[in-house]
Amino acid sequence: MVSLDTLTRLRRAQRPAAPPRPLPLPEGMTAPMGCDAVAVPARLGPMVLPRLPRVGCVYADRAQWWWIVPADSDYALEWPAPVRYTTGALVSDGAGVPGLILRPEGAIPYTPPIPLYLALCRVTGTTPTWSRLTA
């Protein structure tokens, strides 16, 4: 039988999960359309970069790369697996915020979402699928 004291000690020993936090934009950058992020396994990141006509802010750690895209860039797109789309550019994996590895010239942090989507489909071997839009 487990006592109340044991349950209390176990509860206190558990670490609360770190709350998701947004990727910080570099100083001087603005996001007039809001920010979301597209998370990609790190092994795919170097294959995606040369396929993009313009690259915005890209963050990375050992496991993933994140591209900043305008808010609602998931509308009518089915992002291919293993890509993960995060509303608000929130990161909850790992202990720290990933580091900024690419910063575009100018004040806008976005990577255009359609070229990014097509590049990710290409490197994952996924046929692009467009959701049916409803009026």
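**A tryptophan, a helix and their surroundings**

Tryptophan 79 counts as buried, at 13% relative accessibility; buried means under 20% relative accessible area, exposed over 50%, and partly exposed in between (1.4 Å probe, protein chains only). The model is predicted, so local features need pLDDT of at least 70 and side-chain atom pairs count only at pLDDT 80 or more, while totals for chains, interfaces and linings use all residues. Residues are numbered from 1 along each chain as its sequence is written, and side-chain values use heavy atoms, with hydrogens and water left out.

What partner does the ring of tryptophan 79 have? Its ring centre lies 5.5 Å from that of tyrosine 117, and because the planes stand at 90°, the pair is edge-to-face. Rings of Phe, Tyr and Trp (its six-membered ring) are said to pair if their centres lie within 6.5 Å; planes under 30 degrees apart count as stacked, over 60 as edge-to-face, and the rest as tilted. The pair joins distant parts of the chain, with tryptophan 79 in the loop between β4 and β5 (84-87) and tyrosine 117 in helix α3, 38 residues apart. Tyrosine 117 is buried too, with a relative accessible area of 0%. Ring pairs also bring in Tyr85, making a cluster of Trp79, Tyr85 and Tyr117.

The structure holds 3 aromatic pairs. One of them is formed by tryptophan 65 and tryptophan 67, and is tilted, at 5.8 Å centre to centre with 40° between the planes. Both residues are buried: tryptophan 65 has a relative accessible area of 13%, and tryptophan 67 has 0%.

Helix α3 itself covers residues 113-124, and its 12 residues reach 16 Å from first C-alpha to last, close to the 16 Å expected at 1.5 Å a residue. That expected span is 1.5 Å times one less than the number of residues. Its buried residues are Pro113, Leu116, Tyr117, Ala119, Leu120, Cys121 and Val123. Among the elements covering them are β2 (35-41), α2 (45-48) and β4 (64-70). After α3 comes glycine 125, with a positive phi near 70°.

Now for the whole protein. It has 3 helices and 7 strands, in the order α-β-β-α-β-β-β-β-β-α along the sequence. Helices (H or I, at least four residues) and strands (E, at least two) are DSSP runs, numbered from the N terminus. Of the 135 residues, 37% are buried. Among contacts (heavy atoms within 4.5 Å) with a separation of 6 or more, 79% are between residues 24 or more positions apart.
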